[in-house]
Amino acid sequence: MAYRLKVSGMNLEAYQDKTDEELAKLSAEDPHAFVPLVKRYEGKLLAYIRRISGFQKEDAEDVLQEAFMDAYRHIADFDSALKFSSWMYRITHNRTISTFRKGKSRMTDVSIDDEDMGFERILSVKEEGTASVERSLTVSAVKQVLDRLPERDREVLVLAYIEEKSYEEISDILQAPMGTVGTWIRRAKVKFAKTAKENPALIQ
Amino acid sequence: MSIAENFEDKITAGKLSAPIPRWEIILKRAFIWTALSLFVVLGAVSAGVLAWFLFDPSDLAGETGKFNLIGKFLEDLPLFWTIISLASAVIAVWIFTKSPRGYRFRVAAVSVACLVAFLALGAAMAFGGISDKIESMASSYLPVYRKMAQPLVQKLMKPQEGAVIGKVDKIGDSFLELTDPSGSVWQIKLNSGIRLPKQVESGACLRVFGETSTNSREMVAEVISSCPRGVRLKMSKPSDEIRTSTMRIINYAPSMVWLRSNS
């Protein structure tokens, strides 16, 4: 069912000081309140889509545009007990995975801009038996190893170490219990180290 | 053009569809929670009836042989309630995990919590006498359920093996008059020293073991117990199936007794 929107003129500056959650609440009444949210999350989410899917920039932008439309359409469903960022990441994540599985977009490898320093955080991860491998990897090698990991492992590593989300936030984004998230992360780190070891060409 | 600018353009051009209204979301959530509550209640009620079957005093007293808990579980009627209870648990857990914040809990933990809740609520209902009423309603209004109860009645009504069930019509000092599921009246002779179940009154369902007469509906009682739970005899309208099978048994019984006494 499509509802046509009545738009009233609104001063966007009035929304600049509002928190994400306040803006989400206001968006149900005034679509202009959603614009600052789009501005705040556009860059982060675009990078996130590319990190987990390897989509090219144009495809990632299409996915993100659809994700924002989904979010706006379901804004009344936003649970105020959650952080808006977790909710928005969840919608973006689901939209990305859905597009990824449909094979709509052309894939490149996971790597994105060279200045993306988030990958370096994965190198600093200390996990028993994996630290020596990780220390010997370069940022570009991390990108290649991530690209070889299964979808779930790549997602949790990106969320935990690149997006720097807490277990609780990852739990809300991936809609899984926190304990399960912890298990996924531990398993993903072990797989990361194993994949790196099995591909000596990646280790300098 | 950035996505934010694109979004603003859509607002200005009036090309943006309005969000799903709040009432629609509330309605959807109310539906989810109502469905969840219904399955929890159904599961608890079923668990209650199951507990009521398992704690049948006539079985537990051991009047009619050894009590076998697993065997009791696998009988048609308790199994019916077990299946309803487990199916309700599975659906309730599934709905809960799909609810807005249900993903925060492990499915195993939710399942255990659900079963514990069913057992606690069910036990409370069984001991509060609600389960008896629910089972009676199922017997009255569910033809499938009533049909499932028939093999149990047939199993208990075996005059050739010295087992009769029926409703008490009259109680005397040394006799009982029972009407069996086919509507036939049995004269039960009570020897001195025989133990009767507590509160035997007219209309109560009894199970009598003893020696049947070869040529009439008479019996000398050796053991008398209450009917097992789930046996609800409706004498006014005995089903054709019960009537036919019981009459066949009764007509066959004298020759069986004769054969036994001559072997």
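How do S5(B) and strand S6 of chain B pair, and over how many bridges? S5(B) and S6 (residues 218-226) of chain B pair in the antiparallel sense, over seven bridges.

## Basis

This is a predicted model: local features need pLDDT of at least 70, side-chain atom pairs count only at pLDDT 80 or more, and totals for chains, interfaces and linings use all residues. Residues are numbered from 1 along each chain as its sequence is written, while chains are lettered from A and ligands numbered from 1 in the order in which they are written.

## Strands of chain B

Strands (E, at least two residues) and helices (H or I, at least four) are DSSP runs, numbered from the N terminus. Two strands pair if DSSP finds at least two bridges between them. A hairpin of five residues joins S5(B) to S6(B). B:Leu206 stands opposite B:Ser226 in S6(B).

S5 (residues 205-212) also pairs with S2 (residues 163-171) of chain B, antiparallel, over five bridges. Here B:Gly166 stands opposite B:Leu206.

## Helices H2 and H6

H2 (residues 22-54) and H6 (residues 107-127) of chain B pack at about 55°, with axes 7 Å apart. Axes are lines fitted to C-alpha atoms, for helices over the stretch in contact; angles run from 0 to 180 degrees between N-to-C directions.

Residues in contact have C-beta atoms, placed from the backbone, within 7 Å. H2(B) contributes B:Gly43, B:Ala47 and B:Trp52, among others. H6(B) contributes residues including B:Phe118, B:Gly122 and B:Met125. The contact residues divide into 14 nonpolar, three polar and no charged. Ala, Val, Leu, Ile, Met, Phe, Trp, Tyr, Cys and Pro count as nonpolar, Asp, Glu, Lys and Arg as charged, and the others, Gly among them, as polar.

Key. Two residues are in contact if their C-beta atoms, placed from the backbone, lie within 7 Å.
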